[in-house]
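At each stop, select what is named and look around.

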Amino acid sequence: MTRFEFIVDGPPVSQQARTRGKGNRLQDWKKTVRQEAEKYWSSEQKTATGLVMLQITYFYDYDQIDVDNIVKPIQDAIKGLAYVDDNQVSDLLVRKRNLSGNFTIENMTPTLAEGFARGNEFLHIVVINAPNQEVII
């Protein structure tokens, strides 16, 4: 797998939305994530068959969600596209950053720059090959 990244306008919907009587909000969110991922998916890109690392950054204006509740709907939404099954995700990096806060972006990609240019909350999602499984940093 080569690096695959995309952005989704936020805020995300928590996995917990399915048990809080909020209708199809969670399913709608998964569809949105999938549709956005497909926009960035290249015909030359191949679905990963080995272990992958998923990196998710939520750039927010107003924080309403815990980072641990962001992951599962996104993992499910891109299953069968970026990877065959979400059990291939061996490493996760999930974080949130306040758009009004101080932070520095190293290695700005065109996709991430596009997210900032939109001027609203968004998620930046990256799927890459998993790091060496025999080394824990």
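Select S14, then show its surroundings. Which residues is S14 in contact with, leaving aside its neighbours within four places in sequence? Look for L26, I65, N69 and P73. S14 itself sits in the loop between β1 and α1. Its relative accessibility is 13%, so S14 counts as buried, the cut-off being under 20%. Keep in mind throughout that this is a predicted model.

**Stay in this loop**

Now pick P11. P11 also has its place in the loop between β1 (4–9) and α1 (25–40). Show the backbone from G10 to P11. Is the peptide bond from G10 to P11 cis or trans? The bond is cis, with omega near 10°.

**Zoom out to the whole chain**

Switch to cartoon view. Count three helices and four strands in the protein chain. Trace them along the sequence and you read β-α-β-α-β-α-β.

Next, look at the overall dimensions. The C-alpha trace spans about 35 × 35 × 35 Å along its principal axes. A compact globule of 137 residues would have a radius of gyration near 14 Å, and this chain has 15 Å, which agrees.

The accessible surface comes to about 8000 Å². Carbon and sulfur atoms account for 45% of that surface. Of the 137 residues, 41% count as buried.

**Into strand β2**

Select I56, which has its place in strand β2. Is I56 buried or exposed? Its relative accessibility is 0%, so I56 counts as buried.

Show what I56 touches, not counting residues up to four places away in sequence.

Now draw a distance line from I56 to P110. These two are 54 residues apart in sequence. In space they are 16 Å apart, C-alpha to C-alpha.

**Over to helix α2**

Select Q75. This residue lies in helix α2, which covers residues 71–77. Q75 is buried, with a relative accessible area of 10%. Leave aside its neighbours within four places in sequence, and Q75 is in contact with L54, Y83, D86 and V89.

**The largest pocket**

Show pockets, if your viewer can. About 400 Å³ of space lies in the largest pocket. How many residues line the largest pocket? There are 17, and T57, R95, I105, E106 and L112 lie nearest its centre.

Colour the strands next. β2 (52–60), β3 (89–98) and β4 (122–129) each supply at least two residues of the lining. The largest share, four residues, comes from β2.

Then colour the lining by residue type. It divides into seven nonpolar, six polar and four charged residues.

**The loop between β3 and α3**

Keep E106 selected. E106 belongs to the loop between β3 and α3 (110–117). E106 is at 67% relative accessibility, so E106 counts as exposed, the cut-off being over 50%. Draw a line from E106 to D61. The two are 45 residues apart in sequence and 21 Å apart in space, C-alpha to C-alpha.

Move on to N107, placed in the loop between β3 and α3. N107 counts as exposed at 71% relative accessibility. Check its backbone angles. Phi of N107 is near 60°, a positive value in a residue other than glycine.

**Last stop, after β4**

Select P131, in the segment after β4. P131 is partly exposed, with a relative accessible area of 37%. Which residues does P131 touch, not counting residues up to four places away in sequence? The answer is M53 and D91.

Finish with one distance. P131 and D91 are 40 residues apart in sequence. Their C-alpha atoms are 7.8 Å apart in space.

Notes: Residues numbered from 1 in each chain as written. Predicted model: local features only at pLDDT ≥ 70, side-chain atom pairs only at ≥ 80, totals over all residues. Heavy atoms only, no water. 1 Å grid on protein atoms, 1.4 Å probe; cavity = no way out; pocket = protein on both sides within 12 Å on 5 of 7 lines; lining within 4 Å. Points joined across faces, edges and corners; volume = space filled by probe spheres on them. Nonpolar A, V, L, I, M, F, W, Y, C, P; charged D, E, K, R; others polar. Rg over C-alpha atoms; globule rule 2.2 N^0.38 Å. Buried < 20%, exposed > 50% of the residue type's maximum accessible area, 1.4 Å probe, protein only. Areas by Shrake-Rupley, 256 points an atom, 1.4 Å probe, with all protein chains shown as cover. Contact = heavy atoms within 4.5 Å.
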